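Welcome, and take a moment to look over the model before reading on. The notes below walk through it topic by topic.

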Amino acid sequence: MIGGRVLVVDDTAFNRRLLVRLLTSIGHETLEAENGREALALLRDPAVVPVDVILLDIVMPEMDGYEALEALKADPQLRDLPVIVITGVDELASVVRCIQMGAADYLPKTVDPEILRARIGASMSAKRLHDLERETLEQQRRLLATIDRQRSELARFLSPQVAALVSSDDGEAMLAGHRREITAMFCDLRNFTSFSEAAEPEEVLGFLRAYHGVMGPLIVEHEGTLEHFAGDGFMTFFNDPVLQPDHATRAIALAVAMRERFADLGAEWRKRGYVLEIGVGIATGYATLGRIGFEGRYDYGAVGHAIILAARLSGEAAAGEILIAPRTYAAAEDAIEVQPAGDRQLKGFSRPIPVYAVTAMRTKELAE
Amino acid sequence: MSEAILDPAAFAHLLAITGDDLEFVDELVDTYFDDAVIQLEAMRKAAENGDAEALVRPAHSLKSSSANIGASTLSEACRSLEADGRTGVVPDFAGRVTDCEATFAAVRSALLAERASR
């Protein structure tokens, strides 16, 4: 056993000398106090190296063993220090009281060094175990705080739905990849390229900040999963990772809301001489979703026919136009007003596709 | 009389637990003498004032250290005084403290005689 530091608290010089002598002979360092008050002052003195065990007499002037024990157990810094009560011949009742108050053990005043060695050793082991436990709990607390911080940081970079998915139980399986019907929405700005060439870079950035500031909250409000945004364009999908039975309607409702909200922003920029309008393409179909990318940089992404179709439709859309695919129209028919926008021959698609332009939502509320 | 005053077993125990370090035990005994004088003074003062409460702590302390050194008679006398002190009524207060003083003197003589005889 490695020697520890033991504080001997006893008002009688005889007892202190004897205990110090015995403790030293079995390899411990000692500190002495004549009463409880002195002991507490030593234990609370930051300049004093902390002790491992306290040997405490009961009957003492100034502050007796009971009061000292009470003060120790009430002090969060000292509460875990093992206290061994040292007792005289007929003090069994006092010992019981001390143990009820939290003392670890008791010893007679003239104790055999082997017993002293064993009892102090046991108390020190218990304390080390306790310290270890406390340390582990502290580490765990720090770890959990880090996870919490990472999760909230993650939520700033990912869609809230994806951030929640990462920390959920079935997150790994979902990230590994799955097939699901989704509605994908592509949105970008007409004339953005010429605007960014003509305007000052500060102006472009200022505009993008305002644009994202308006569009971002709308996506969150409609609970879309933002897959990516780059400059003026972004892609959002619905029905994944959170299931949304009305995903087609939601996507269209988001597009209509964006068009409405963008009107104010567009009008403001028109005054400065820049004509900017949004164009949206929406398509519904099966896609493979999950972790896409490479070690070091993954995104939660979607791959499939519907995504490509939505991107093509967004490219086809005129200023302020929301073009939707036939399957999206079929799914949202009751909730929207449309005008047929003709059959379009789109790049990568063998046959012309009938396309619809959304004019308005039929009801303001989303279907439940 | 001297056998009852000093229990050789307690003294031998003290010697055994210190690894037969006579020099240290002698120092310890001297500490006991110094301490006993202080406690007896406090007990004397308590008796003079008729203060039973003030008797408890010094009687307790002297009881304990006397037991450790093997002064059984003195330890027992102190135990009884401590117990009475706690009740608040100490019959023959001054007389019993005087007895303790006399017993201590005898203990001291016996211990010093033992030391001189080596």
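Helices α2(A) and α3(A) are roughly parallel to each other, a label for angles under 35 degrees, with over 145 counting as roughly antiparallel, 65 to 115 as roughly perpendicular and the rest as oblique. This is a predicted model, in which local features need pLDDT of at least 70, side-chain atom pairs count only at pLDDT 80 or more, and totals for chains, interfaces and linings use all residues. Residues are numbered from 1 along each chain as its sequence is written, while chains are lettered from A and ligands numbered from 1 in the order in which they are written.

**Helix pair in chain A**

- Helix α2 (residues 36-44) of chain A packs against helix α3 (residues 65-74) of chain A at an angle of about 25°, and their axes are 9 Å apart. Axes are lines fitted to C-alpha atoms, for helices over the stretch in contact, and angles run from 0 to 180 degrees between N-to-C directions.
- α2(A) passes α3(A) in a right-handed crossing; a crossing has this hand if the near helix is turned clockwise from the far one by less than a right angle, and is left-handed if anticlockwise.
- On the α2(A) side the contact uses A:G36, A:A39 and A:L40, and on the α3(A) side A:G65, A:E67, A:A68 and A:A71. Contact here means that the C-beta atoms of two residues, placed from the backbone, lie within 7 Å.
- These contact residues of α2(A) and α3(A) comprise four nonpolar, two polar and one charged (Ala, Val, Leu, Ile, Met, Phe, Trp, Tyr, Cys and Pro count as nonpolar, Asp, Glu, Lys and Arg as charged, and the others, Gly among them, as polar).

- Chain A has 12 helices and 13 strands; helices (H or I, at least four residues) and strands (E, at least two) are DSSP runs, numbered from the N terminus.
- Of the 368 residues in chain A, 36% are buried (20 or more other C-beta atoms within 10 Å of a residue's own; exposed is 12 or fewer, partly exposed is in between, and C-beta atoms are placed from the backbone).
- Strands β7 (residues 225-230) and β8 (residues 233-238) of chain A run antiparallel and are joined by five bridges; strands pair if DSSP finds at least two bridges between them.
- A:F229 has A:F234 in β8(A) as its bridge partner.
- Two residues lie between the strands of this hairpin, where A:G231 takes a positive phi near 60°.
- A:E221 lies in helix α9 (residues 201-221) of chain A. A:E221 is exposed, with 11 other C-beta atoms within 10 Å.

**Chain B**

- Chain B has six helices and zero strands, and 38% of its 118 residues are buried.
- The axes of helix α5 (residues 72-87) and helix α6 (residues 93-116) of chain B come within 9 Å and cross at roughly 160°. That makes α5(B) roughly antiparallel to α6(B).
- α5(B) passes α6(B) in a left-handed crossing. Residues making this contact include B:L74 and B:L81 of α5(B) and B:F104 and B:V107 of α6(B).

**Where the chains meet**

- How many residues does the contact take from chain B and from chain A? It takes 19 residues from chain B and 19 residues from chain A.
- α4(B) gives the most to the side of chain B that touches chain A, with eight residues.
- That side of chain B divides into six nonpolar, nine polar and four charged residues.
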